[in-house]
Amino acid sequence: GPSVGHRPRRGEGGRDRSPMTADGDTPPREVVAAEPRHGLWARTVPLAVAVVLLDQLSKDWALRALADGRPRHVVWTLQWNLSFNSGMAFSKGQGLGPIIGLGAVVVVIVIATSVRHSASRIVDIAAGLVIGGALGNLIDRLFRGDGWLHGRVVDFIDFQWWPVFNLADAAVVIGGLLLLVSSLRSERRPP
């Protein structure tokens with residue numbers, strides 16, 4: 001048989017056995033530092049949380065600063081103009097808040113599940129933006145209204161030539177575009 005402390009070579013079997021010391025004890029296995037976890041917990045979740053916080057803080061500001069209903073000119077065609085939306089993008093689907101809210105929950109679950117093991121920084125960031133934006137507007141639907149999922153989303157960024165939107169909307173659009181770009185780039189790469 002093998003001598004004490006002998007390490008089997010390839011083809012000698014015993015691949016999973018630890019070498020023995022002269023006194024018969026098994027030495028401690030070498031501790032290897034795990035690679036830092038990327039993806040969902042390292043990039044996506046912190047970014048989603050940051051988007052939700054910035055979105056909700058900006059909406060609280062808009063509710064206080066623009067409560068008088070007068071638009072505030074910022075620059076070029078950009079103005080702050082408080083409005084409320086019970087539908088979805090471009091004010092479509094007014095009154096469908098519960099369905100839109102449930103759709104947002106499904107989107108968050110699907111994206112979070114699909115990027116759990118992502119190795120792409122762009123996909124992780126895009127997912128964080130979309131998840132954070134969807135949750136930011138879902139919070140409005142849950143807590144800024146007369147009933148569960150009957151709330152209206154606070155919008156205040158107004159270019160006057162585009163529908164009024166908020167930071168959550170911007171995050172969803174930017175994240176969606178990044179997902180599209182990432183998808184197109186991965187299709188171009190040879191296998």
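Author: Happy to, and please keep in mind that this is a predicted model. Let us begin with a term: a pocket is an open set of grid points with protein on both sides within 12 Å along at least five of seven lines. The largest pocket holds about 740 Å³ of space.

Reader: What makes a residue part of the lining, and which residues are closest to the centre of the largest pocket?

Author: A lining residue has an atom within 4 Å of a point. For the largest pocket, 29 residues line it, and Met-88, Ala-89, Asn-137, Asp-169 and Val-172 are the closest to its centre.

Reader: Which elements give two or more residues to that lining?

Author: They are β2 (78-85), α2 (97-114), α3 (121-143), β3 (153-158) and α4 (167-188). The most comes from α3, which gives 6 residues.

Reader: How do the lining residues divide into nonpolar, polar and charged?

Author: There are 18 nonpolar, 8 polar and 3 charged residues in the lining of the largest pocket.

Reader: Thanks! Now the helices: why is α3 called roughly antiparallel to α4?

Author: The axes of α3 and α4 cross at roughly 150 degrees and come within 7 Å. Angles over 145 count as roughly antiparallel, so α3 is roughly antiparallel to α4. As for handedness, α3 passes α4 in a left-handed crossing.

Reader: What angle do the axes of α1 and α3 make, and how near do they come?

Author: Helix α1 (residues 40-65) and α3 have axes that cross at roughly 35 degrees and come within 7 Å. The crossing of α1 and α3 is right-handed. In the contact of α1 with α3, the classes are 10 nonpolar, 7 polar and 6 charged residues.

Reader: On to the strands. What makes β1 and β2 a pair?

Author: Two strands pair if DSSP finds at least two bridges between them. β1 and β2 have 3 bridges, in the antiparallel sense, so they count as a pair by that cut-off.

Key. Residues numbered from 1 in each chain as written. Predicted model: local features only at pLDDT ≥ 70, side-chain atom pairs only at ≥ 80, totals over all residues. Heavy atoms only, no water. 1 Å grid on protein atoms, 1.4 Å probe; cavity = no way out; pocket = protein on both sides within 12 Å on 5 of 7 lines; lining within 4 Å. Points joined across faces, edges and corners; volume = space filled by probe spheres on them. Helix = DSSP H or I, 4+ residues; strand = E, 2+ residues; numbered from the N terminus. Nonpolar A, V, L, I, M, F, W, Y, C, P; charged D, E, K, R; others polar. Axes fitted to C-alpha atoms, helices over the stretch in contact; angles between N-to-C directions. Parallel < 35°, antiparallel > 145°, perpendicular 65-115°, else oblique. Left-handed = near helix turned anticlockwise from the far one by under 90°.
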